[in-house]
Amino acid sequence: MADASYEHHAPAGGSTMTSPENTEEKSAAYARGMDAGRIEQRLQGHDEHLRKINGSIDSMTQALGSLTEELRANVNLLGSNVTADRRDATERERIAAVRVEEAGLAESQRTVRWTAWQRWFAVVGAIILVVNFGLGLYLAFGR
């Protein structure tokens, strides 16, 4: 048995007995010690694995916190943009209404209303123009 930590101490009488029962007890104790060592080693491996998992969970929690803050900031920005767009749309509609009104005023100022005597004068002038044109054609081609 090469394990230095396992030492056999002689009984108080000073002589060593090596009976088969004593050897079986030593073998059983050795096997229990080996099993305990393996179990201890496995538990240490599990402990290390759990520490890594906890570290991963902590880093994921921090990453999710950062993402949450970023999403909140983006939602606030989007809300601000929507509000600004609504305000801008309302402002554009108001400006468009003012321009349509101004265009209507300008158009009404350009539209000339003729008085009754101006209309009669235009009709008589058109009749004279048509008669002169017809007379000019008759003279040009009638001879």
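Trp120, Val123, Ile127 and Val131 make up a nonpolar patch on the surface, and their accessible area together is about 440 Å². Patches take residues with over 30% relative accessible area and no salt bridge; nonpolar side chains (Val, Leu, Ile, Met, Phe, Trp, Tyr) are joined within 5 Å, like charges within 9 Å. Accessible areas were computed by the Shrake-Rupley method with a 1.4 Å probe, and for residues only the protein chains shown count as cover. The model is predicted: local features need pLDDT of at least 70, side-chain atom pairs count only at pLDDT 80 or more, and totals for chains, interfaces and linings use all residues. Residues are numbered from 1 along each chain as its sequence is written, and side-chain values use heavy atoms, with hydrogens and water left out.

Tryptophan 120 belongs to helix H2, which covers residues 116-142. Its relative accessible area is 61%, so tryptophan 120 is exposed. Here, exposed means over 50% relative accessible area, buried under 20%, and partly exposed in between (1.4 Å probe, protein chains only).

The protein chain contains two helices and zero strands. Both element types are DSSP runs, numbered from the N terminus: helices (H or I) need at least four residues, strands (E) at least two. Of the 143 residues in the protein chain, 1% count as buried. The chain exposes about 13,200 Å², of which carbon and sulfur atoms supply 61%.

Three salt bridges were found in a search of the whole structure. The criterion is a side-chain nitrogen of Lys or Arg within 4 Å of a carboxyl oxygen of Asp or Glu.

Glutamate 48 is partly exposed, at 37% relative accessibility. Arginine 51 is exposed, at 52%.

Another salt bridge links glutamate 69 to arginine 72, with the closest N and O atoms 3.0 Å apart. This pair also sits in helix H1, three residues and about one turn apart. Glutamate 69 is partly exposed, with a relative accessible area of 48%.

Arginine 94 and glutamate 91 also meet through their side chains in a salt bridge, at 2.6 Å from N to O. Arginine 94 and glutamate 91 are three residues apart in helix H1, so about one helical turn separates them. Arginine 94 is partly exposed at 47% relative accessibility, and glutamate 91 is partly exposed at 36%.
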